[in-house]
Amino acid sequence: MKTSIDDLQFFQAVAASETLTAAARRLGCSLPAISKRLSALEKRLDVRLVQRGTRRLALTSEGTLYASGIDAILDRLRELEDVVTDGSGDLRGSLVVQATLGLGRAHVAPLLAEFAAPHPALQVVLNTSALPLRPHRREFDVAVHVGAPPDSSLRMRRLAENRRVPCAAPSYLERHGVPKRVEELAEHDCIVLRENEGDFALWRFGDAGDPVQVRVRGSLASNDGDVVTGWALEGRGVIMRSEWQVRPYLERGDLVRVLPEVPTPAADIYALLASDGHVPRRVTALTDHLAARLPGRLGLSR
């Protein structure tokens, strides 16, 4: 029985995916090819690694054990490669970065291209998603995350300060009036962004010592931040969005901040890394690059 590094990387990708279809996209092959290779691996190991017949990909107990062992082996291999190549100054290997759709497309993607340009031996993959972060699945080397991380065991580095701010188009405020108190937002048409797994319609204000919250309502909601912002620009309601995303519209007057005297909780932007194992030099170099360049692109403080 021979197991290659390619086999280990194959199953690591499968184990980190929601479905076999997602694994096929990640690996750049067809679904039948993924299924055939997985079946061949299971036959060779004489053990079932993935449960069939479920809507989402689910590992068996043996599959979970195998995936965990693979993570440790590949982490050790990456550490060894870093030690061997440290004197060359070149970055090599793969980097998988995860980010939200809006931030990923507008800012993380250009910075990754900029970072990769002088390192031809480095392969950088950006995965953007509106789905909640799932750190336990080892889907990324670096995740660029807005707000408090969902898993306190992750290593994190703040890349930029950020807050979520309520705002609306002047046309909406002319028709419906400007709210004077947080509680008045409950009477307004608020456009809800349905992201992550929180209580989407519960908007928070104040600081840790004096929190205030209000449950909002409205006729429009989306999991796409750009859609929500577009509706607000059309005068369809009040939104609560990250400062980095609405700053250009506020500066031009296309949107107006609501309740500007009321503080809003921090939603800083972090680079998240796995807390266990060796941190490859390429990961450290990328986080340094993001920390140096992202705040300037967003017009935010570090």
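This is a predicted model: local features need pLDDT of at least 70, side-chain atom pairs count only at pLDDT 80 or more; totals for chains, interfaces and linings use all residues.
Leaving aside residues up to four places away in sequence, L286 touches L95, V97, L112, F115 and V142.

**Widen the view to the core**

Next, bring up the largest nonpolar core, which has 27 residues. L286 is among the members that touch the most others, along with L103, V144, L159 and I269. To see where the core comes from, color strand 3 (93-99), helix 5 (101-116), strand 5 (142-146), strand 6 (155-160), strand 14 (269-273) and helix 9 (281-298): each of these supplies at least two of its residues. Helix 9 is the biggest contributor, giving six residues. As general background, nonpolar side chains in soluble globular proteins tend to be buried together.

**Step onto strand 5**

Now select residues 142-146, which make up strand 5. Is this strand enclosed or open? Five of its five residues are buried, so strand 5 is largely enclosed by the rest of the structure. Turn the view to compare its two sides. In a regular strand, side chains alternate between the two faces of the sheet. Here V142, V144 and V146 lie on one side, A143 and H145 lie on the other, and both faces are covered.

Then look at the neighbors of strand 5:

- Strand 3 runs parallel to strand 5, and three bridges join them.
- Strand 14 runs antiparallel to strand 5, with four bridges between them. Pick V144 here, and its bridge partner in strand 14 is A271.

Select residues 5-15 for helix 1, which is mostly covered, with eight of its 11 residues buried. Highlight D7, L8, F10, F11, Q12, A13, V14 and A15 to see the buried ones.

Finish with helix 2 (residues 20-27) and helix 3 (residues 31-45), whose axes come within 9 Å and cross at roughly 100°. An angle from 65 to 115 degrees counts as roughly perpendicular, so helix 2 is roughly perpendicular to helix 3.

Which residues of helix 2 and helix 3 meet? On the helix 2 side, display L20, T21, A23, A24 and L27; on the helix 3 side, display L31, I34, S35 and L38. The residues of this contact divide into seven nonpolar, two polar and no charged.

How values were computed:
Residues are numbered from 1 along each chain as its sequence is written. Side-chain values use heavy atoms; hydrogens and water are left out. Axes are lines fitted to C-alpha atoms, for helices over the stretch in contact, and angles run from 0 to 180 degrees between N-to-C directions. Angles under 35 degrees count as roughly parallel, over 145 as roughly antiparallel, 65 to 115 as roughly perpendicular and the rest as oblique. Contact means heavy atoms within 4.5 Å. Ala, Val, Leu, Ile, Met, Phe, Trp, Tyr, Cys and Pro count as nonpolar, Asp, Glu, Lys and Arg as charged, and the others, Gly among them, as polar. A nonpolar core is a set of buried Ala, Val, Leu, Ile, Met, Phe, Trp, Tyr and Cys residues joined through side-chain atoms within 4.5 Å. Buried means under 20% relative accessible area, exposed over 50%, partly exposed in between (1.4 Å probe, protein chains only). Two strands pair if DSSP finds at least two bridges between them.
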